[in-house]
Protein chains: 2
Amino acid sequence: MPKTSVDPPGRRAPRRREGAFGTTMADVGREAGVSAQTVSRALRDPDSVTPETLRLIQEAVRKTNYVQNFAASHLASNRSMMVAAIIPTISASVFAETIQGLADALSPQGYQIFLGGSDYRLDREEALVRSFLGRRPDGFFVVGTRHTRPAAALLRRAGIPVVEGWEWSAQPIDMLVGFSNRAAIARVVAHLVEHGRRRLVFAGVLRPGDPRAAERRDGFVEAVAARFPDETPRLAIVDGSPLAMHTGVEVLELARRRFPDADALVFSSDLIASGALLACQRLGIRVPDDLAITGFGNYEIAAELTPALTTIAVPTRRIGSEAGRLLVAAMRGETVAQGRVDVGFELMVRESS
Amino acid sequence: MPKTSVDPPGRRAPRRREGAFGTTMADVGREAGVSAQTVSRALRDPDSVTPETLRLIQEAVRKTNYVQNFAASHLASNRSMMVAAIIPTISASVFAETIQGLADALSPQGYQIFLGGSDYRLDREEALVRSFLGRRPDGFFVVGTRHTRPAAALLRRAGIPVVEGWEWSAQPIDMLVGFSNRAAIARVVAHLVEHGRRRLVFAGVLRPGDPRAAERRDGFVEAVAARFPDETPRLAIVDGSPLAMHTGVEVLELARRRFPDADALVFSSDLIASGALLACQRLGIRVPDDLAITGFGNYEIAAELTPALTTIAVPTRRIGSEAGRLLVAAMRGETVAQGRVDVGFELMVRESS
DNA sequence: CTGTTAGCGCATTCAT
DNA sequence: ATGAATGCGCTAACAG
């Protein structure tokens, strides 16, 4: 091995990558006959170089199979072009829709999304926040406005735009895109009472990490108390069961056992409302004649059932796209005039009520 | 401003980060009275430093609110601790389950997941592959074995473990975790024929980017041809409609119009089978007396319907966890003995057939 | 429009 | 067990 120069002390063999993507901008530049810096510029802003230079570089990129290394780009520019997103669970279609909306708004701007599911647990959310911040995202989206104190502190200190979603809050960490779960249930209660229902039962699954469901319960209690001040609000709530269709049967039975005279069941989710509605067919309970049933979320199944399910439609996708819009603006350094967006909701009156 | 040293020419102000996470390992080390390297070691392997040193460092981390920068770590170590995953759509619960399984296997090992949805389009998949490889993931998971030529080439050249999932293929790019969609449908056909059905119709939604649905159709054609060599296989397929419950009604009507004497409908997905089954109630079609109906996927709704839906259960979550297991082993540099895992499927016989 | 220089924050390598 | 030097691949800042 020829050694043409004397290495200074402490000099070692270079750590150059062996892998397939060992080619760097310098390699591309060498191939194209320009400097690495020009390659960098050409890739980020093609108009900043001569058309001829651009052509040479593009050709060199192709020839060398070059794939840009974003980690290095991130380190040098202090921009990761990533947005972190935390949702309660990946397998709930409503949150998946929100993420779809987020992606629709962010992808065209070149941002990638880092997704995590907290499994409805604030401690896991905190762990995710901590771990995600290590990747230095340029923005953060999180479902919910309730967080552990350290998680909120981390997000506040991160120095990046943060959007909370799916709820309404007086004191968001930064920006907010949501709606009032309370008001939505109040709307359901108003609808039922207007149609002659008198003995309403709130039927739901409540878990510690799901403040949105708790808000719906509170909204129910408030709305019923306002109309029937002398009555105790009727609640049929389970808290150990999963938020799934078959739990609807369980909640239905609980409600009927505890309140045999009920004439309307206000479910906290379409998922359990659907399970209950299908069970009613088997049990011979006539809906809406014997019992009105309402859901929440306007899931795909709601419109397909017989009778079709009355429910609250939430613009889940729009929550994501609005959040993305706000994040993009803020990440660009623009001052966001209105950082709180109420996307509202819509009562879908169908046959079940 | 005191200037105690003469700057060499070309010297500029440092680019040190201003943001909240400006603290580096050097800052932590200074606070703890050790070098940055010791901090680095302590964070990665707490046993490699003195308990006392560890304590000092942990305290310093807390005091300075230090959050490790993974981008720098990645660049220096050439390990990103990320796995990229591409699925057809985020909002399909079956794929969400697979991702959940993947996360279950990878998170404990410290890997984070980069998720993308191709929207059932191979060109978008290629774009995602390209963009994801720029992040230099340590492993790659992708649903499907069909890819554009450049996408497959990129994955092959990437020099990282790749797992394809949800199908079966003779020539995977690298590793494979799936099952035979053909065999699954053949199993359904066998079941129906054994129970006296003679005029089977394949009812489905086919889209260019969904080879799994196409496999199911092909499996149907093969199985029927093997049993009734003289007949032309009956197909009721729509290709412009979304894969949604309400499309089931459309497919049902098409099948009945085209094959009025059909005695069994083999749907390509529980989603459309459920929509069709619910429509049958409204239309007065008795299931299974007039018509047997089968689905695919064993979605949550399948067991809740009346009659409950006969379907193929796919271990969706296990596809993800097995993929994660294989990736972890390969990323550790272990030689994976069996890189092809057939997770199989199960016929769930219920009331609808 | 293009090249040069320095450094982003960390892990690796070697020395102690 | 700990420290010092070096470079990962890229972009910012500046010079020409």
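Colleague: Is S118(A) buried or exposed?

Modeller: This is a predicted model, and in it S118(A) counts as buried because its relative accessibility is 5%, where buried means under 20%.

Colleague: Where is S118(A) in the chain?

Modeller: S118(A) sits in a loop of chain A, between β2 (112-117) and α6 (122-133).

Colleague: And which residues is S118(A) in contact with, leaving aside its neighbours within four places in sequence?

Modeller: I86(A), I87(A) and P88(A), and also R124(A), E125(A) and L128(A).

Colleague: Which residue of chain A has a positive phi although it is not a glycine?

Modeller: W166(A), with a phi of about 80°. W166(A) belongs to the loop between β4 (162-165) and β5 (175-178) of chain A, and it is buried, with a relative accessible area of 4%.

Colleague: Where is the cis peptide bond in chain A?

Modeller: Between V287(A) and P288(A), with omega about 10°. P288(A) is in the loop between α11 and β9 of chain A.

Colleague: And which peptide bond is cis in chain B?

Modeller: The one from V287(B) to P288(B), omega near 10°. P288(B) lies in the loop between α11 (270-283) and β9 (292-294) of chain B.

Colleague: Now the sheet in chain A with β6 to β9. What is the strand order?

Modeller: The order is β7-β6-β8-β9, an open sheet of 4 strands with parallel pairing. Its edge strands, each pairing on one side only, are β7 (234-238) and β9 (292-294). The twist from one strand to the next averages 20°.

Colleague: How many bridges hold β8 and β9 of chain A as a pair?

Modeller: There are 3 bridges between β8 (residues 264-267) and β9(A), in the parallel sense. V266(A) stands opposite T294(A) of β9(A).

Colleague: What packs on that sheet?

Modeller: Helix α8 (residues 181-194) of chain A does, touching β6 (200-205), β8 and β9, and its direction makes about 165° with that of β8(A). Helix α11 (residues 270-283) of chain A also packs on the sheet, touching β6, β8 and β9, at about 155° to the direction of β9(A).

Colleague: Why is β1 of chain B described as largely enclosed?

Modeller: Because 6 of the 6 residues of β1 (residues 82-87) are buried, the strand is largely enclosed by the rest of the structure. Both faces are covered: M82(B), A84(B) and I86(B) on one side, V83(B), A85(B) and I87(B) on the other.

Colleague: Which strand does β1(B) pair with?

Modeller: β2 (residues 112-117) of chain B, in the parallel sense over 6 bridges. The bridge partner of A85(B) in β2(B) is L115(B).

Colleague: What does UniProt place at residues 23-77 of chain A?

Modeller: An unreviewed UniProt entry gives "domain: HTH lacI-type" for them. That span is 71% helix and 0% strand, and its end C-alpha atoms lie 20 Å apart.

Colleague: Which residues of α2(A) are buried?

Modeller: T38(A), V39(A), S40(A) and A42(A). These buried residues pack against α1 (25-32) and α3 of chain A.

Colleague: Last topic. What is the volume of the second largest pocket?

Modeller: About 1600 Å³. The pocket is lined by 49 residues, and the closest to its centre are V67(A), Q68(A), N69(A), F70(A) and R136(B).

Colleague: Which element gives the most to that lining?

Modeller: α4(A), with 5 residues.

Conventions: Residues are numbered from 1 along each chain as its sequence is written. Chains are lettered from A and ligands numbered from 1 in the order in which they are written. This is a predicted model: local features need pLDDT of at least 70, side-chain atom pairs count only at pLDDT 80 or more; totals for chains, interfaces and linings use all residues. Side-chain values use heavy atoms; hydrogens and water are left out. Helices (H or I, at least four residues) and strands (E, at least two) are DSSP runs, numbered from the N terminus. Buried means under 20% relative accessible area, exposed over 50%, partly exposed in between (1.4 Å probe, protein chains only). Contact means heavy atoms within 4.5 Å. Two strands pair if DSSP finds at least two bridges between them. Axes are lines fitted to C-alpha atoms, for helices over the stretch in contact, and angles run from 0 to 180 degrees between N-to-C directions. UniProt positions are given in the numbering used here, feature names are shortened, and annotations may be inferred rather than shown by experiment. On a 1 Å grid over the protein atoms alone, a cavity is a set of points where a 1.4 Å probe fits but cannot get out, and a pocket is an open set with protein on both sides within 12 Å along at least five of seven lines; lining residues have an atom within 4 Å of a point. Grid points are joined across faces, edges and corners, and a volume is the space filled by probe spheres set on the points.
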